[in-house]
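Please describe this structure for someone who is meeting it for the first time. A short report under plain headings would be welcome.

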Amino acid sequence: MDFFAAKAHRIVRSAPVIPAEDPTLLFTNAGMNQFKDVFLGKGTREYVRAADTQKCIRASGKHNDLEDVGRDTYHHTFFEMLGNWSFGDYYKPEAIEWAWELLTSVWKLPKDRLYATVYKDDEESLELWRQVTDIDPTHILKFGDKDNFWEMGESGPCGPCSEIHIDLTPDGSGGPLVNAGDHRVMELWNLVFIQYNRTIDGTLEPLPQRHVDTGMGFERVTAVLQGKSSNYDSDVFTPLFDRITELTGVSYTASLDSPTDIAMRVIADHSRTLTFALSDGAVPGNEGRGYVLRRILRRALRYAGTLGCHEPIMYRMVGVLADAMGDVFPELHKQRQTVERIIRAEEESFLATLGRGTEIFNEVVAGMKVAGSTMISGADAFRLYDTFGFPLDLTRLMAAEVGFDVDEQGFEHSMQEQKARARLDRKDKMQSREDGVDWVWFMEERPTEFVGYETLELQVRIAAAKMSGDRLLLVLDRTPFYAESGGQVGDHGTIETDAWRFDVADTLKDGEQFVHVVTTAYDKVRDCAVAPADVALDGTAMAAEASVDRDARVGTERNHTATHLLHAALRKVLGEHVQQKGSLVTPERLRFDFSHFSRVTPEEIEQVEHEVNAQIRKAAALNRHADVPYEEALALGALAFFGDKYADRVRVIEVPGISIELCGGTHVGNIGQIGLVKIVGESSVASGIRRIEAVTGRTAESLLWKEYRELQEIRHFMKLKSDEPPLPKIQELVDERKTLEKQLQESRLAGLLDSLAASLAGGEEVHGCRIMTEKLEGVSADELRQAGQALRERVPLAAGLLCSVEDGKVSLVGFASDEAVRTLKLDAGKLVREAAACVKGGGGGKPELATAGGKEPAGIDRAIETFVTAVKAALKG
């Protein structure tokens with residue numbers, strides 16, 4: 001940074017590793033990502049020279065190093081890329097000269113160990129290396145498109161590149177190994193010269209402005225400068241290995257093949273990826289970048305088991321990274337607690353299923369060995385994924401450890417089958433594809449013009465009609481009815497012609513048409529209601545008046561704007577990792593799904609609700625920005641998330657100082673019109689996804705009055721004063737009830753034991769051990785267990801079986817006294833299992849006390865006989 005600052009470069013901050021302004025990318029994977037708009041000619045900067053260190057993740061898609069991490073000493077999923085750029089300013093001479101100056105004059109790398117590569121047709125760069133540096137001319141090598149021509153995509157900006165490699169072989173004989181894939185001769189720095197635009201037909205056209213884009217791996221150059229043969233041996237990773245040793249007691253020995261060293265490299269690398277990604281707002285999930293991060297975390301946990309660690313460990317690495325790198329990346333300090341909480345919750349969730357999943361995996365492997373196969377089926381791999389959360393690469397890793405392969409094609413087939421089933425389960429509300437009925441158009445077919453932002457009543461023409469089941473579907477030339485989208489339900493209201501009044505129950509989108517769903521119709525001529533199927537349209541584009549139900553629309557608008565306030569409040573209270581994952585907005589209520597790693601506590605819900613209502617009381621007016629270019633919307637600060645699809649021109653809803661979101665829905669003009677928001681529920685939708693439900697306005701007011709009346713009724717019933725809280729009195733009554741129930745249970749148990757005493761005394765004795773059995777009616781399973789426990793303590797040497805039938809279900813309790821277990825080796829668990837088979841049930845437990853259930857009361861007598869026979873056989877043995 002100092003070197004390039006001295007050469008008039010602007011030192012810029014790293015862009016987030018989550019590329020919010022480029023939904024085509026899962027992660028920022030190169031230094032040039034934040035300058036992509038400049039290279040494409042769509043953006044500019046106030047400077048023409050820049051340098052930075054860019055956080056990068058390569059764990060998916062074309063650039064995916066995940067599988068190699070740990071197995072060698074130089075691959076990473078997270079790394080920093082040092083770079084310098086020229087936007088139409090300096091070009092090849094300066095870029096080559098300065099790169100050589102920094103490496104050899106400032107960092108003192110040995111010149112005889114450095115090689116430069118150039119593109120096979122780039123004579124200009126070849127000659128510049130000879131003119132502006134003192135590199136050995138024999139160390140300048142030519143390569144083709146694969147190694148020395150950079151392209152952003154199949155078309156667009158591109159150009160030749162010149163790479164600088166260093167020979168780390170012991171004897172300096174690595175020249176022939178340049179670009180040969182040998183880590184002993186590795187690329188240090190890539191200088192890209194963007195001078196062409198590749199057209200769709202493949203033609204190269206000179207760009208009006210030429211740019212320089214360079215990239216150098218920070219971890220690689222650090223290792224080289226410190227004289228290390230491995231990136232992981234540099235002091236970049238030392239604090240991480242020290243922390244792993246502290247947590248596991250296992251030391252890092254820098255071995256390539258050691259299983260524990262491989263595991264430590266994986267944990268060190270993956271902790272960096274997770275910490276940086278989550279600090280920039282990502283969150284583990286089941287799709288997109290969220291699933292990549294979840295895979296990375298679960299892969300690391302699997303390797304932690306190699307170190308004997310079977311508890312959360314990754315969240316304990318976050319502090320080390322914040323301390324080591326927080327001065328350059330302050331977000332690590334700012335988001336530390338949030339990141340630790342997210343990672344810990346993910347670890348605990350997966351570890352809860354890892355053990356059982358591993359058992360299933362081992363059972364599958366054992367079965368394959370018996371069958372003489374070393375291929376884990378796609379169905380079994382998918383079961384591990386679907387039921388126990390094992391990513392395919394984790395199953396592949398475990399399989400490789402035992403010399404097995406995975407049928408990945410079969411796994412993908414099972415995945416697609418599940419998706420197909422899910423699609424079949426989602427019924428098409430329109431039924432337009434199934435009913436086979438064509439639209440009848442009364443005028444030229446064209447997109448419906450929506451004017452519902454401005455008005456709720458409008459003179460229109462009926463453009464098309466069709467029947468779908470028992471519903472009449474109408475398309476208008478223009479409409480004030482909002483069609484269901486973005487979580488907001490469709491409007492309802494009426495469409496009225498001279499002859500008909502149609503009650504619109506819903507409005508849906510079908511491509512570019514708005515479809516009005518009519519469930520009832522009224523014949524104004526005959527003055528009667530008719531079924532939609534009996535409506536006779538005259539075959540022309542009839543004039544009509546379309547009227548949206550105003551009260552319902554206003555209620556929907558209150559709830560929709562409330563979701564924006566709720567989103568902002570959740571991000572403020574819980575953290576900026578919160579992202580909307582779904583919503584439902586109706587006139588009566590709202591539902592908001594969002595990414596979060598744990599249950600939202602009552603205290604946090606109260607804080608969120610307070611924040612929302614505090615903003616409502618400020619009564620700020622909304623700003624609506626219509627038909628805004630997508631890039632301009634992002635410049636305004638509008639939230640955009642990976643996976644969401646946005647048009648080139650969008651609508652932006654802004655609550656000044658609170659929220660800016662891309663949204664096509666309808667909203668109140670002033671947030672004060674919401675009146676009040678009351679959260680009524682919080683729950684889990686899926687792993688990492690929470691749901692909040694709330695009501696607003698009059699609905700919220702009605703709820704509060706209902707709860708207030710109920711509270712007053714409770715006070716009156718309990719004879720409390722108006723200001724006296726009812727909870728202490730209620731708690732007192734509950735405690736009193738529990739005491740009485742306990743006394744009653746103790747009394748019932750005492751009576752039960754008294755009635756059983758005679759049976760115990762008359763029980764058969766074998767080898768000094770008394771065998772007791774009893775059949776009871778209406779005794780609960782819990783009472784039966786307590787009775788068994790008490791009886792085994794009363795007699796020094798005894799075994800028994802208690803049976804009861806309650807509501808048609810059989811309960812069994814087997815017991816054996818301590819002496820019978822110790823000296824006679826009786827096992828109540830085994831004994832009760834044999835008896836349970838007679839009542840078509842099962843169970844088990846400890847040798848001293850075991851329980852079982854069954855569904856065949858008629859088998860109780862046989863169960864008793866089986867128990868007695870089994871006890872006698874055990875005593876004879």
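The report below takes up the model itself, then a helix, a sheet and a surface patch.

## The model

This is a predicted model, in which local features need pLDDT of at least 70 and side-chain atom pairs count only at pLDDT 80 or more, while totals for chains, interfaces and linings use all residues. Residues are numbered from 1 along each chain as its sequence is written, and side-chain values use heavy atoms, with hydrogens and water left out.

Helices (H or I, at least four residues) and strands (E, at least two) are DSSP runs, numbered from the N terminus. Buried means under 20% relative accessible area, exposed means over 50%, and partly exposed lies in between, with a 1.4 Å probe and protein chains only.

## An enclosed helix

Helix α10 (residues 318-325) is largely enclosed by the rest of the structure, because six of its eight residues are buried. Those buried residues are V318, G319, V320, L321, A322 and M325. Their cover, judged by contact (heavy atoms within 4.5 Å), includes β5 (78-87), α7 (238-248), α8 (259-279), α11 (331-334) and α12 (336-370).

## A three-stranded sheet

Strands β26, β27 and β28 form an open sheet in that order, with antiparallel pairing; two strands pair if DSSP finds at least two bridges between them. β26 (623-629) and β28 (659-662) stand at the edges with a single partner strand each, so one side of each is left without a neighbour in the sheet. From one strand to the next, the twist averages 20 degrees, where axes are lines fitted to C-alpha atoms, for helices over the stretch in contact, and angles run from 0 to 180 degrees between N-to-C directions.

β26 and β27 are joined over five bridges, and N623 stands opposite E654 in β27.

β27 is mostly covered, with six of its seven residues buried. Helix α17 (residues 550-574) lies across β27 and β28, and runs at about 120 degrees to β28.

## A nonpolar surface patch

I714, L727, I730 and V734 make a nonpolar surface patch of about 310 Å². Helix α21 (residues 727-761) gives the largest share of the patch, three residues. V734 lies in helix α21, and V734 counts as partly exposed because its relative accessibility is 35%.

Patches are made of residues with over 30% relative accessible area and no salt bridge, with like charges joined within 9 Å and nonpolar side chains (Val, Leu, Ile, Met, Phe, Trp, Tyr) within 5 Å. A salt bridge is a side-chain nitrogen of Lys or Arg within 4 Å of a carboxyl oxygen of Asp or Glu, and accessible areas come from the Shrake-Rupley method with a 1.4 Å probe.
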